[in-house]
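Q: I am new to this structure and would like a close look at a single part of it. Please keep the answer plain and connected.

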Amino acid sequence: SFKLALCLEMGQIPHDATDLRSAIFTRIFPKAHYKYEEEFWDYVESYPDDVLFVLDGLDEMPERTREQLKIEEFINGMDIPDVCMIVTSRSYLCSQELRSCDRHFVINGYSHDKIDSYINRHPKLDDDSKDGMLKQLNGNQSLHELTENPLNLALLCILWQKDWNDAVLPQTLTGLYSILVL
């Protein structure tokens with residue numbers, strides 16, 4: 001079991017960041033004074049078995065930023081050996097960085113036909129609304145990929161039925177959850 005689990009939304013790390021450790025510390029502890037950064041990393045290095053990093057949405061970080069911050073080296077354990085990491089990503093966008101991971105899990109979601117069927121059977125969407133939602137999904141690859149997850153598809157249908165018919169649906173998981181929470 002871990003004593004410290006840290007989830008980082010990789011797409012939220014500033015694109016102009018030059019130091020990965022500082023960028024991570026700032027994202028995790030936005031109000032902490034920088035003088036605690038060294039203590040934090042000393043703990044992580046001293047007790048790597050107690051720390052879990054969840055790097056969520058690696059593919060949402062621009063490739064240039066991933067290269068600049070040497071994300072591949074961080075994932076490979078070159079920076080902090082023995083630290084445990086879970087990395088989520090659409091693999092085809094980050095295959096270089098993910099090739100050294102110990103385990104790979106592929107989550108197969110809904111097919112294109114299954115997504116269409118789900119929307120067409122949704123009881124709270126009228127025919128015009130269904131057509132509008134399908135048109136928006138089919139015209140946007142990122143949005144369509146988001147709906148491959150059954151939970152995300154259900155949440156997007158809820159948003160769509162609540163007068164979102166004329167709006168643009170969120171294209172990222174972070175965008176979807178931000179709307180739902182706010």
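Q: Which residue in E2 is the bridge partner of Leu6, and what surrounds that part of the model?

A: The model is a predicted one. The bridge partner of Leu6 is Phe53, in E2. Strand E2 covers residues 51-56 and runs parallel to E1, with six bridges joining the two. Both belong to an open sheet of three strands, ordered E1-E2-E3, with parallel pairing. Its edge strands are E1 (4-9) and E3 (84-87), each of which pairs on one side only. On average, neighbouring strands of this sheet are turned by 15° against each other, direction ignored. Helix H2, residues 37-46, lies across E1 and E2 and runs at about 110° to E2.

Phe53 is also part of a cluster of rings: ring pairs link it with Phe25, Phe29, Phe40, Trp41 and Phe74. The count of aromatic pairs comes to eight. One of these joins Phe25 and Phe29: the ring centres are 5.3 Å apart and the planes stand at 50°, so the pair is tilted. Phe25 is buried, with a relative accessible area of 4%, whereas Phe29 counts as partly exposed at 32% relative accessibility. Phe25 also pairs with Phe40; here the centres are 5.8 Å apart and the planes are at 55°, so this pair is tilted as well. Phe25 lies in helix H1 (residues 20-28) and Phe40 in helix H2, so the pair ties together parts that are 15 residues apart in sequence. Phe25 and Phe40 are both buried.

Conventions: Residues numbered from 1 in each chain as written. Predicted model: local features only at pLDDT ≥ 70, side-chain atom pairs only at ≥ 80, totals over all residues. Heavy atoms only, no water. Pairing = 2+ DSSP bridges. Helix = DSSP H or I, 4+ residues; strand = E, 2+ residues; numbered from the N terminus. Axes fitted to C-alpha atoms, helices over the stretch in contact; angles between N-to-C directions. Contact = heavy atoms within 4.5 Å. Phe/Tyr/Trp six-rings, centres within 6.5 Å; stacked < 30°, edge-to-face > 60°. Buried < 20%, exposed > 50% of the residue type's maximum accessible area, 1.4 Å probe, protein only.
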